[in-house]
Amino acid sequence: MKVIDISMSIHQAMPVYKNKPEKKPVLKFVQDFTISNSCESELIIGMHTGTHVDAPLHMLPGGNTVDRISLAKVVTECRVLDFTGLQDKITANNLATREIQPGAFILLKTKNSYKQNFDFNFVFLEQSGAIYLKEAGVSGVGIDALGIERDQPGHPTHKTLFEAGIIIIEGLRLAGVEEGNYFLCAAPLKVVGAESAPARAFLIRF
Ligand SMILES: [Zn+2]
């Protein structure tokens with residue numbers, strides 16, 4: 001059995017969405033061995049930092065919250081699709097070149113996985129691709145960008161997927177992962193009422 005880490009490391013210099021300084025996480029030690037006989041810290045972090053699972057509330061008023069996403073939806077078989085040859089976006093036509101089974105959890109590997117800094121032109125899932133995946137009946141979509149879409153007014157990719165009950169994972173790191181089938185574990189923190197939460201995501205290959 002092989003376990004493959006597909007999570008971003010969380011630290012102050014990590015890439016964050018649009019490089020906004022206020023989005024950088026802060027790890028603060030509230031006590032350490034200079035003042036105590038134990039060490040304790042707290043983390044100040046945005047919910048869309050690093051590898052995270054988005055819940056429908058992120059884009060849909062009254063939508064479901066992250067604590068209510070069933071674990072069975074994010075601890076599941078998955079299929080990694082390699083789109084590293086694409087420069088801009090993943091469209092319905094690109095997805096039509098692959099076999100996608102109903103119920104599949106699809107992870108989209110792109111050139112984003114090879115970038116160490118935030119790329120304002122990151123490869124994203126275009127609205128047509130989201131509609132294609134909805135019609136294919138997938139259960140979830142993960143991508144190796146801090147957003148699953150960019151430059152699409154009204155966020156149609158997010159909304160198309162959320163309205164169909166499809167799970168979205170963002171911020172994956174898939175450079176070391178070949179196209180194929182794996183077992184995915186990407187359980188978000190169980191934060192009641194939140195629209196998103198960080199997750200430690202990894203793949204298992206038996
Ligand atoms: Zn997000």
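Helices (H or I, at least four residues) and strands (E, at least two) are DSSP runs, numbered from the N terminus. The structure described here is a predicted model, in which local features need pLDDT of at least 70 and side-chain atom pairs count only at pLDDT 80 or more, while totals for chains, interfaces and linings use all residues. Residues are numbered from 1 along each chain as its sequence is written, and side-chain values use heavy atoms, with hydrogens and water left out.

Helix α3 spans residues 127-136, and its buried residues are Gly 129, Ala 130, Leu 133 and Ala 136. Here buried means under 20% relative accessible area, exposed means over 50%, and partly exposed lies in between (1.4 Å probe, protein chains only). Viewed down the axis of α3, these buried residues fall within an arc of 125°, so they line one face of the helix; the arc is that of the directions from the helix axis to the C-beta atoms. An α-helix has 3.6 residues a turn, so residues three or four places apart point the same way. The buried residues of α3 pack against β6 (89-90), α2 (92-95), β8 (124-125), β9 (140-143) and α4 (156-163), where contact means heavy atoms within 4.5 Å. Just after α3, Gly 137 takes a positive phi of about 80°.

The strands may be considered next. Nine of them form an open sheet with mixed pairing, in the order β1-β13-β11-β5-β7-β9-β10-β4-β12; two strands pair if DSSP finds at least two bridges between them. At the edges stand β1 (2-5) and β12 (196-198), each of which pairs on one side only. Strand β1 runs antiparallel to β13 (residues 202-205), and four bridges join the two. Within β13, Phe 202 is the bridge partner of Asp 5. Helix α4 packs on the sheet, touching β4 (52-54), β9 and β10 (167-170), and its direction makes about 140° with that of β10. For such angles, axes are lines fitted to C-alpha atoms, for helices over the stretch in contact, and angles run from 0 to 180 degrees between N-to-C directions.

A zinc ion is coordinated by His 48 (ND1), His 52 (NE2), Asp 54 (OD), Asp 54 (OD) and Glu 170 (OE), at 2.2 to 2.6 Å. Donors are N, O and S atoms within 2.8 Å of the metal (3.2 Å for Na, K and Ca); water is not among the atoms, so sites may look incomplete. Along the chain, the donors of the zinc ion follow the spacing H-x3-H-x1-D-x115-E. His 48 counts as partly exposed because its relative accessibility is 27%, whereas Asp 54, at 1%, counts as buried.
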